[in-house]
Amino acid sequence: MFIFATNPNILQQSSTYIADLHFIASQALDNEAENDHFLRFVRGTDDKGLDELAHTVHDRVSAAIDCTSCANCCRSLVINVTQDEVGKLAGHLRLTESETRGQYIEESQQGNCFVNTIPCHFLRENKCTIYEARFTECRDFPHLHKPGFKDRLGGTLMHYGRCPIVYHVIEEMKVKLGFFED
């Protein structure tokens with residue numbers, strides 16, 4: 001038998017969600033075992049129904065949370081970049097591709113590119129200074145709008161304590177799926 005460990009009344013206050021990163025990080029530590037159980041619980045659910053629920057909850061939560069009030073993803077994640085995006089960034093910055101790589105991009109021995117600093121060079125006052133030319137990984141984070149939620153849940157849970165959107169989507173899905181932990 002599962003019993004819900006997190007108080008759902010603290011998750012949503014009127015039509016806004018708690019975005020306090022200290023609270024969310026603390027909850028992530030407290031809910032680590034619960035989230036491991038949730039991961040196993042979700043494996044037994046219907047893929048299509050789960051994706052539809054994840055997308056619905058994500059749409060509501062992400063519309064209510066202003067990412068520029070947080071920007072923790074930009075301050076704490078390695079940002080992967082495709083070879084094509086390096087060229088687009090160079091054009092956007094009006095630099096040569098070589099100058100762009102030298103200043104902003106690092107490349108692994110396998111040819112994978114990523115932004116060479118954490119936090120991201122392009123974050124100013126919690127806003128992206130290259131927003132129009134931002135990378136696919138940035139546009140898509142936290143990837144909850146994509147199909148295959150069940151298969152990505154383990155990776156998504158890695159961001160549970162860092163992203164208010166991920167935290168609230170997971171907590172709401174626990175309630176909506178009838179998951180409760182001992």
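How many helices and strands does the secondary structure of the chain come to? The count is nine helices and seven strands. Please keep in mind that this is a predicted model. Here are my notes, point by point.

1. **Overall picture.** Along its principal axes, the C-alpha trace spans about 60 × 30 × 25 Å. Of the 182 residues in the chain, 38% are buried. If you take the contacts between residues at least 6 apart in sequence, 72% of them join residues at least 24 apart.

2. **The main core.** The largest nonpolar core has 26 residues, and Phe149, Ile170 and Met173 are the members that touch the most others. Helices α1 (21-30), α2, α3, α8 and α9 each supply at least two residues of this core. Helix α9 gives the largest share, with six residues. A separate core of twelve residues lies apart from it, and includes Ile79, Leu89, Val115 and Phe135. As general background, nonpolar side chains in soluble globular proteins tend to be buried together.

3. **Met173 up close.** Leaving out residues up to four places away in sequence, Met173 touches Phe38, Leu50, Leu53, Ala54, Val57 and Phe149.

4. **One side of helix α2.** Which residues of α2 (residues 32-42) are buried? They are Glu34, Asn35, Phe38 and Val42. These four cover an arc of only 95° around the axis, so they sit on the same side of α2. In general, an α-helix has 3.6 residues a turn, so residues three or four places apart point the same way. The cover over the buried residues of α2 includes α3 (47-64), α8 (149-157) and α9 (164-176).

5. Asn35, in helix α2, is buried, with a relative accessible area of 5%. Beyond its neighbours within four places in sequence, Asn35 is in contact with Leu157, Tyr160, Ile170, Glu171 and Lys174. Thr156 belongs to helix α8 and is buried too, at a relative accessible area of 6%. Not counting residues up to four places away in sequence, Thr156 touches Leu144, Val166 and Ile170.

6. Three strands make an open antiparallel sheet, in the order β3-β5-β4. Its edges are β3 (80-81) and β4 (105-107); each has a single partner strand, so one side of each has no neighbour in the sheet. Between β4 and β5 (residues 113-115) there are three bridges, in the antiparallel sense. Within this pairing, Glu106 has Phe114 of β5 as its bridge partner. Helix α6 (residues 97-104) packs on the sheet and touches β4 and β5, with its direction at about 90° to that of β4.

7. **Cysteines.** How many disulfides does the structure hold? The number is zero. For Cys113, the nearest cysteine sulfur is that of Cys138, 14 Å away. Cys113 is buried, at 3% relative accessibility. The sulfur of Cys120 has its closest cysteine sulfur in Cys138, at 6.2 Å, which is too far for a bond. Cys120 also counts as buried, at 11% relative accessibility.

8. **Backbone points to check.** Most residues other than glycine have a negative phi, and most peptide bonds are trans. Two cis peptide bonds deserve a glance here. One runs from Ile118 to Pro119, with omega near 5°; Pro119 is in the loop between β5 and β6 (123-124). Another joins Phe141 and Pro142, with omega about 10°, and Pro142 is in the loop between α7 (136-140) and α8.

9. **Positive phi away from glycine.** Ala71 has a positive phi of about 55° and is located in the loop between α3 and α4 (72-76). Glu125 has a positive phi of about 50°, and its place is the loop between β6 and β7. Are these two buried or exposed? Ala71 is buried, with a relative accessible area of 4%, whereas Glu125 is exposed, at 79% relative accessibility.

10. **Lys127.** Lys127 is in strand β7 (residues 127-128). Setting aside residues up to four places away in sequence, Lys127 touches Thr68 and Phe122.

Notes: Residues are numbered from 1 along each chain as its sequence is written. This is a predicted model: local features need pLDDT of at least 70, side-chain atom pairs count only at pLDDT 80 or more; totals for chains, interfaces and linings use all residues. Side-chain values use heavy atoms; hydrogens and water are left out. A disulfide is a pair of cysteine sulfur atoms within 2.5 Å. Buried means under 20% relative accessible area, exposed over 50%, partly exposed in between (1.4 Å probe, protein chains only). Two strands pair if DSSP finds at least two bridges between them. Contact means heavy atoms within 4.5 Å. Axes are lines fitted to C-alpha atoms, for helices over the stretch in contact, and angles run from 0 to 180 degrees between N-to-C directions. The arc is that of the directions from the helix axis to the C-beta atoms. A nonpolar core is a set of buried Ala, Val, Leu, Ile, Met, Phe, Trp, Tyr and Cys residues joined through side-chain atoms within 4.5 Å.
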